[in-house]
Amino acid sequence: MSEINSQVQRVSGTGLPLRGDDIDTDRIIPARFLRCVTFDGLGEYAFADDRTQLNGEHPFDQAQYQGAKLLVVNRNFGCGSSREHAPQAIARWGIGAIVGESFAEIFFSNCVAIGIPCVTASHEDVLALQGAIEANPSASVSLDLVNLTAAIGDLTITVTMKEGPRQAFLSGMWDSCGQLVSQGEAVQATAGRLPYLAWA
C-alpha cells in the first residue's frame, strides 16, 4: 500500500482578517448546528449569528475575502466549549491555516487533529498582517512552517508554534488516520498474530 503524504510545510492563498479578542466556539458555530450527523455542510454556517447581525458586512460574507485560505485572528481565539465542530466549520468554509495572537488550547488541538496549523505572532505583527490583507485582499499570503514566517507583499512576520505540533505537520504525523491506513498491511499482519482475534 502506498504511503499517504500528509505533510504540511507551507500554506498559501489569500487572507481573511477577523478582528476581535475572545471569539468563542459558540460564535464560530452556534450550538443549534451541532446536531448534524456529519460535518458536511458546516462551512455554510460558520459564524452564522455574527454574519446575520452584521447583515453582509462580516468578513466571511464580504466578496473580497471569498476563497481565502488563511485566517488572521487576535487574542484567545476559539475559547469556550470544546466543540470540534468549530475548526471543522472553519475548514469546510475553506480555511487551511490560522495566524493569531493566541488560541484556546482545545481549539488548537482540534485544529491540529484535522490538519489546520495554528501559529501565533505578536500583537503588533498580527495587526500589521490584518492591515496588509485589508489593504490588498487579492494579495497572496504565505505561511511557512519550515522557517516560521508569514508573508504578504513586502511584509514578513515571525510566527511561532510549539515544536511538537510543528514537527507533526512537517513530517505528516498529525494525520493519525492517514498513517494507520498507509500501514494497512502491517496492521493486518499484526492482527493475524493476535490469538484473541480468532476467538469465536
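Biologist: Is F77 buried or exposed?

Modeller: This is a predicted model: local features need pLDDT of at least 70, side-chain atom pairs count only at pLDDT 80 or more, and totals for chains, interfaces and linings use all residues. Numbering starts from 1 along each chain as its sequence is written, and side-chain values use heavy atoms, with hydrogens and water left out. Buried means under 20% relative accessible area, exposed over 50% and partly exposed in between (1.4 Å probe, protein chains only). F77 has 1% relative accessibility, so F77 counts as buried.

Biologist: How many aromatic pairs are there?

Modeller: Rings of Phe, Tyr and Trp (its six-membered ring) pair if their centres lie within 6.5 Å. Planes under 30 degrees apart count as stacked, over 60 as edge-to-face and the rest as tilted. By this rule the count is seven.

Biologist: Are F77 and F103 stacked or edge-to-face?

Modeller: A pair of aromatic rings is described by the distance of the centres and the angle of the planes. Here the centres of F77 and F103 are 6.5 Å apart, and the planes make 90°. That makes the F77 and F103 pair edge-to-face.

Biologist: Are F103 and F107 stacked or edge-to-face?

Modeller: Both F103 and F107 are buried. Their ring centres are 6.5 Å apart, with 15° between the planes. The F103 and F107 pair is therefore stacked.

Biologist: Which elements do the buried residues of α4 pack against?

Modeller: Helix α4 covers residues 105-113, and its buried residues are F107, F108, N110, C111 and V112. Contact means heavy atoms within 4.5 Å. These buried residues pack against α1, α3, β3, β4 and α6.

Biologist: How many disulfides are there?

Modeller: A disulfide is a pair of cysteine sulfur atoms within 2.5 Å. By this rule the count is zero.

Biologist: How far from C118 is the nearest cysteine sulfur?

Modeller: C118 is in no disulfide. C118 is buried, with a relative accessible area of 1%. The nearest cysteine sulfur belongs to C111, at a distance of 3.6 Å.

Biologist: How many salt bridges does the structure hold?

Modeller: A salt bridge is a side-chain nitrogen of Lys or Arg within 4 Å of a carboxyl oxygen of Asp or Glu. D21, D22 and R75 are linked in a network of such bridges. The structure's total is 10.

Biologist: Which residue forms a salt bridge with D144?

Modeller: The closest N and O atoms of the D144 salt bridge with R10 are 3.5 Å apart. D144 lies in strand β5 and R10 in strand β1, so the pair ties together parts that are 134 residues apart in sequence.

Biologist: How many residues apart are D26 and R83?

Modeller: Their side chains meet in a salt bridge (3.1 Å, N to O). D26 is in helix α1, R83 is in the loop between β2 and α3, and the pair links distant parts of the chain. D26 is partly exposed at 37%, while R83 is buried at 13%. The separation of D26 and R83 is 57 residues.

Biologist: Which residue takes a positive phi in the hairpin of β6 and β7?

Modeller: Two strands pair if DSSP finds at least two bridges between them. β6 and β7 pair in the antiparallel sense over four bridges, and I152 has L155 as its bridge partner. Two residues lie between the strands, and the one with phi near 55° is G153.
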